[in-house]
Amino acid sequence: VFPSLAQAQASVANEVYQELGQPSVFLFCPTEYCSSLCSPSPSQSCYLQTIGQELLPGIGVIWTGPKVVSQELSAVLLEEVEAVLRRRPVIWDNLYANDYDCRRVFLGPYMGRAPGLMSRLHGLLLNPNCELQANFIPIHTLGTWFRSELGSCAPPDHAGMEAVAALGDSQGAQDGSYSPQEALELALRDWVAEINQQVLEPGR
């Protein structure tokens with residue numbers, strides 16, 4: 001029925017999206033969801049070019065970066081992806097994911113993401129460790145990074161200001177700069193306080 005896989009996927013996604021009343025959040029994960037899966041590159045991929053052309057503009061497209069688990073995300077790469085998809089990507093960040101090797105647990109700060117990335121993103125999802133408690137530092141430092149990104153942007157909208165307020169005063173500098181080491185120290189301080197609080201709770 002369809003001349004290509006991309007056209008088939010876009011057609012089905014568009015139909016489901018419209019049937020659901022075009023919800024404000026509707027995400028599509030392409031078969032080529034990172035640079036290493038694109039042939040020969042994101043900008044020259046016939047598959048991604050078709051997805052960008054055929055997929056309705058209200059549908060968000062997931063992207064993981066250069067690789068499935070990307071150590072770094074750059075503005076240059078995101079510009080390339082945005083151009084071919086004709087929309088800013090939603091980053092599905094696997095930096096902390098350990099479902100592929102549960103012997104590993106990642107407890108370091110959120111890092112390797114270039115400053116000013118927020119203006120290139122439609123959204124960001126963090127794929128965490130499988131162990132619930134091990135995600136305190138990843139999520140806490142992501143919050144600090146997010147706050148610094150808001151501080152480095154033009155005056156944020158009302159929703160952005162609410163997000164900053166929700167993060168609280170312990171989330172680090174508000175001058176637009178992000179230090180992974182400072183973010184880690186803040187997270188460790190708050191994690192110790194959380195652990196101490198749990199120890200004092202009845203039944204612990």
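Read from the N terminus, the elements of the protein chain follow the pattern α-β-α-β-α-β-β-α-α-α. In this predicted model, that pattern amounts to six helices and four strands.

An open sheet of four strands is found, with the order β1-β2-β3-β4 and parallel pairing. Strands β1 (27–28) and β4 (123–126) stand at the edges, and each has a single partner strand, so one side of each is left without a neighbour in the sheet. In general, strands of a sheet pair through backbone hydrogen bonds, in either a parallel or an antiparallel way. Strand β2, residues 60–63, and strand β3, residues 90–93, are joined in the parallel sense over two bridges. Within β2, Ile-62 has Val-90 of β3 as its bridge partner.

The chain as a whole can be described next. Among contacts in the protein chain with a separation of 6 or more, 71% link residues 24 or more positions apart. Of the 204 residues, 39% count as buried. The protein chain exposes about 11,300 Å², and 57% of this area is supplied by carbon and sulfur atoms.

The surface also holds pockets to look at. The second largest pocket has a volume of about 160 Å³. Its lining comprises seven nonpolar residues, three polar residues and one charged residue. Among the residues that line this pocket are Val-69, Gln-71, Leu-95, Tyr-96, Tyr-100 and Arg-104.

Definitions and conventions:
Residues numbered from 1 in each chain as written. Predicted model: local features only at pLDDT ≥ 70, side-chain atom pairs only at ≥ 80, totals over all residues. Heavy atoms only, no water. Buried < 20%, exposed > 50% of the residue type's maximum accessible area, 1.4 Å probe, protein only. Contact = heavy atoms within 4.5 Å. Areas by Shrake-Rupley, 256 points an atom, 1.4 Å probe, with all protein chains shown as cover. 1 Å grid on protein atoms, 1.4 Å probe; cavity = no way out; pocket = protein on both sides within 12 Å on 5 of 7 lines; lining within 4 Å. Points joined across faces, edges and corners; volume = space filled by probe spheres on them. Nonpolar A, V, L, I, M, F, W, Y, C, P; charged D, E, K, R; others polar. Pairing = 2+ DSSP bridges.
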